[in-house]
Amino acid sequence: SIPADENSFGFAVGLGVSRVHAQAYMDNSENIANKVDLKKIGLSCDPAKGNDTCAKAWIDSFGQKLHRRPLSKEEKDRAFQLYKKIKDKFGFQMGIKVALQFFLQSPHFLYRYERGGTAQSGKVTPLNSYEIAVRLSYFLWKSVPDAALIKAAQEGKLQTKEQIEAQAKRMLEDPKAKRTIHNFFDQWLELEKLDTVSKSQPDRKSVV
């Protein structure tokens with residue numbers, strides 16, 4: 001199992017990656033790849049009759065879901081070359097499973113990796129639409145962006161104050177936002193400790 005995140009000022013945050021974390025991520029990715037039903041991970045072809053065209057389409061769509069943004073050409077090529085190397089030796093299905101492990105161990109999947117656009121001296125580096133979608137989603141939902149948020153990012157509709165505010169208001173109506181707020185107060189007020197804390201005894205001395 002993956003170790004719990006470290007606490008900082010009472011809140012669970014990821015402060016670093018230990019060897020234990022890295023090993024757990026690797027073990028989990030291998031277990032998932034070994035047990036996954038390839039018919040349920042978005043392949044556009046029958047896994048028993050797969051080909052390189054099907055693999056490329058899957059890498060493009062599946063990679064975008066896990067990275068929460070479109071893949072760069074270099075990322076697509078790297079994933080495809082890994083798949084191809086394994087596929088040529090062990091077959092299509094094993095190639096896809098190894099590519100799946102690659103995605104599940106990617107820092108772009110495991111962490112929020114938002115670098116913004118081109119840095120300019122003395123100015124704030126702007127985030128692109130996909131990075132804003134991720135910021136909104138994890139801040140309000142502690143989860144990945146939904147289809148509506150990704151669509152807004154694809155259409156460049158997360159750049160103005162009004163566009164971002166409209167999405168935030170929509171997201172606050174979702175039950176996931178309420179769970180995030182509850183979780184914040186649980187950590188802030190340490191409510192999980194209530195069951196193990198003894199009630200303070202009042203001072204019984206008379207006050208003159």
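Select K73 and D77 to begin: the two residues form a salt bridge, with their closest N and O atoms 2.7 Å apart. The term denotes a side-chain nitrogen of Lys or Arg within 4 Å of a carboxyl oxygen of Asp or Glu. The model is predicted: local features need pLDDT of at least 70, side-chain atom pairs count only at pLDDT 80 or more, and totals for chains, interfaces and linings use all residues. Residues are numbered from 1 along each chain as its sequence is written, and side-chain values use heavy atoms, with hydrogens and water left out.

Both K73 and D77 belong to helix α3, 4 residues apart, about one turn of the helix. Helices are DSSP runs (H or I, at least four residues), numbered from the N terminus. K73 is exposed at a relative accessible area of 59%, while D77 is partly exposed at 35%. Here buried means under 20% relative accessible area, exposed over 50%, and partly exposed in between (1.4 Å probe, protein chains only).

Remain on helix α3 (residues 73-90) and select L82. This residue is partly exposed, at 26% relative accessibility.

Next, select D146 and R170, whose side chains meet in a salt bridge of 3.0 Å, N to O. Because D146 lies in the loop between α6 and α7 (147-154) and R170 in helix α8 (residues 161-172), the pair ties together parts that are 24 residues apart in sequence. D146 is partly exposed at 22%, as is R170 at 32%.

Proceed to E155 and K151, another salt bridge, with the closest N and O atoms 2.6 Å apart. Then select D52, K84, K87 and D88, which are linked in a network of salt bridges. The structure holds 11 salt bridges.

Finish at I181, in helix α9 (residues 175-188). I181 is partly exposed at 43% relative accessibility.

Definitions and conventions
Helix = DSSP H or I, 4+ residues; strand = E, 2+ residues; numbered from the N terminus.
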